[in-house]
Amino acid sequence: MVVKRPIFDSTQLTRRAEELINGASNRYRITVQVANRAKRRRYEDFDNMDDHQMKPVMRAIFEMSDELTQPEIIGDI
């Protein structure tokens, strides 16, 4: 049985990544933060087999861009 991944809008992912880069004072630092968040998520989600629809890097970009636009969410940025 082959499980198909949902198709994510690449333009939305690109827009959110650009928001993160533009909102950051240091491009290298935000890149490292996204990588670290993705690595943490990969290990946290390892036990949760239901939530493998989105790759960890994509999820980190979406989460961190939400935190950037919604300051009431506490995050790593």
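The term pLDDT denotes the predictor's confidence in each residue, on a scale from 0 to 100. This is a predicted model, in which local features need a pLDDT of at least 70 and side-chain atom pairs count only at pLDDT 80 or more, while totals for chains, interfaces and linings use all residues. Residues are numbered from 1 along each chain as its sequence is written, and side-chain values use heavy atoms, with hydrogens and water left out.

The protein averages a pLDDT of 78, and 69% of the residues score at least 70. Confidence is lowest in H3, at a mean of 88, and highest in H1, at 90. Over residues 73-77 the pLDDT is below 50, although this stretch has 15 contacts in the model beyond near neighbours in sequence, a contact being heavy atoms within 4.5 Å.

The protein holds three helices and zero strands, where helices (H or I, at least four residues) and strands (E, at least two) are DSSP runs numbered from the N terminus. Among contacts between residues at least 6 apart in sequence, 60% join residues at least 24 apart. Of the 77 residues, 22% count as buried, that is, under 20% relative accessible area with a 1.4 Å probe and protein chains only.

How do the helices pack? Helix H1 (residues 10-23) and H3 pack at an angle of about 55°, with their axes 9 Å apart; axes are lines fitted to C-alpha atoms, for helices over the stretch in contact, and angles run from 0 to 180 degrees between N-to-C directions. H1 and H3 are therefore oblique to each other, since angles under 35 degrees count as roughly parallel, over 145 as roughly antiparallel, 65 to 115 as roughly perpendicular and the rest as oblique. The contact involves, among others, Leu-13, Ala-17 and Leu-20 of H1 and Ile-61, Phe-62 and Leu-68 of H3. By class, this contact of H1 with H3 has eight nonpolar, four polar and three charged residues, where Ala, Val, Leu, Ile, Met, Phe, Trp, Tyr, Cys and Pro count as nonpolar, Asp, Glu, Lys and Arg as charged, and the others, Gly among them, as polar.

Helix H2 (residues 27-44) packs with helix H3 (residues 56-69) at an angle of about 120°, their axes lying 8 Å apart, and H2 and H3 are therefore oblique to each other. Residues making the contact include Arg-37, Arg-41 and Arg-42 of H2 and Arg-59, Glu-63 and Glu-67 of H3. By class, the contact of H2 with H3 has eight nonpolar, one polar and six charged residues.

Key: Buried < 20%, exposed > 50% of the residue type's maximum accessible area, 1.4 Å probe, protein only.
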